[in-house]
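Q: Can you walk me through this structure? I would like to go residue by residue, then look at the ligand.

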Amino acid sequence: MLIAGNWKMFKGSAETRAFAAAFSAPEGVEAVVCPPFVSLAAAVESGLTVFAQNVHWEDEGAYTGEVSAPMLRELGVAGALVGHSERRQYFGESDETVARRAAHALAAGLRVIACVGELEEERELGRTEDVLTRQISVLQPHPALVVAYEPVWAIGTGRTATPEQAQEAHAFVKSLLDVPVLYGGSVKPENAEELLSQPDVDGALVGGASLDPDSFGSICRIAARIRS
Ligand code: PGA
């Protein structure tokens, strides 16, 4: 079971060190944090398992504002998110660029969490499976690849998918690509158990609730208990 905390644009180095001092992962679960780029070094030095929030598809070049897989590896970063819905919504990320980022990062020895998920209107129109098929079709199976199913209408809204909706979407993703699938979207200690108990939910990608070491620790302990 993998529990990843996506910190988004929160926590500089000092707050990252304070989090690490207050957090300990239980046995039986892999806890990962995804800090902003500037806090990656502090997170690695604090002994956390660390993923970046994005990674470019070239090793170096004229790509202002981007960071490459070798640069992340040099810091001791273990992996990267790609295709988070906030990157897709606000920064023009496309299925094609997600595919390039994922393929290059995996080839460079990073682990990858590739994020997919439908918008609210897509779900209402019955298009969830079409959207997931399109987003998954650009990814190749790889032992270090994990998918995060994050329905966009559940991210940062306090609205979670029901356990049945999550299970259905996860089983569908796995029918397309045989990789572990994390659930993301308003996961918190109060709803983690029912979501993580679903047979095809292999972990969680946690946003807001990962910023607090106590609530992130609670989610990790729930995950450890379920799979032990
Ligand atoms: P949330 O974010 O848990 O705050 O909804 C999840 C994510 O965006 O990965």
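**Contacts and ligand site**

A: Leaving aside neighbours within four places in sequence, Gln53 is in contact (heavy atoms within 4.5 Å) with Asn6, Trp7, Lys8, Cys34, Pro35, Pro36 and Leu81. This is a predicted model, where local features need pLDDT of at least 70, side-chain atom pairs count only at pLDDT 80 or more, and totals for chains, interfaces and linings use all residues. Residues are numbered from 1 along each chain as its sequence is written, and side-chain values use heavy atoms, with hydrogens and water left out.

Q: Where is Gln53 found?
A: Gln53 is in the loop between β3 (49-52) and α3 (69-75). Helices (H or I, at least four residues) and strands (E, at least two) are DSSP runs, numbered from the N terminus.

Q: Which backbone oxygens lie 2.9 Å and 3.4 Å from a polar atom of its side chain?
A: The backbone oxygen of Cys34 is at 2.9 Å from a polar side-chain atom of Gln53, and that of Pro35 is at 3.4 Å.

Q: OK, ligand. Which residues are the closest?
A: Lys8, His84, Glu150, Gly156 and Ser186 are the closest of the 14 residues that surround the ligand (a heavy atom within 4 Å).

Q: How does that shell divide into nonpolar, polar and charged?
A: Five are nonpolar, seven polar and two charged. Ala, Val, Leu, Ile, Met, Phe, Trp, Tyr, Cys and Pro count as nonpolar, Asp, Glu, Lys and Arg as charged, and the others, Gly among them, as polar.

Q: What lies 2.6 Å from an oxygen atom of the ligand?
A: A polar backbone atom of Gly156. A polar side-chain atom of His84 lies 2.7 Å from a ligand oxygen, and a backbone N or O atom of Gly208 lies 2.9 Å from one.

Q: How much of the ligand does the protein bury?
A: The protein buries 95% of the 280 Å² that the ligand exposes when taken alone (Shrake-Rupley method, 1.4 Å probe).

Q: Back to the backbone: what is the phi of Lys8?
A: About 55 degrees, positive although Lys8 is not a glycine. Lys8 is in the loop between β1 (2-6) and α1 (13-22).

Q: And of Ser186?
A: Ser186 has a positive phi of about 60 degrees, and is not a glycine either. Ser186 is in the loop between β7 (181-184) and α9 (189-196).

Notes:
A polar contact is a pair of N or O atoms within 3.5 Å; within protein, one must be able to donate a hydrogen and the other to accept it, and residues adjacent in sequence count only if both atoms are side-chain atoms.
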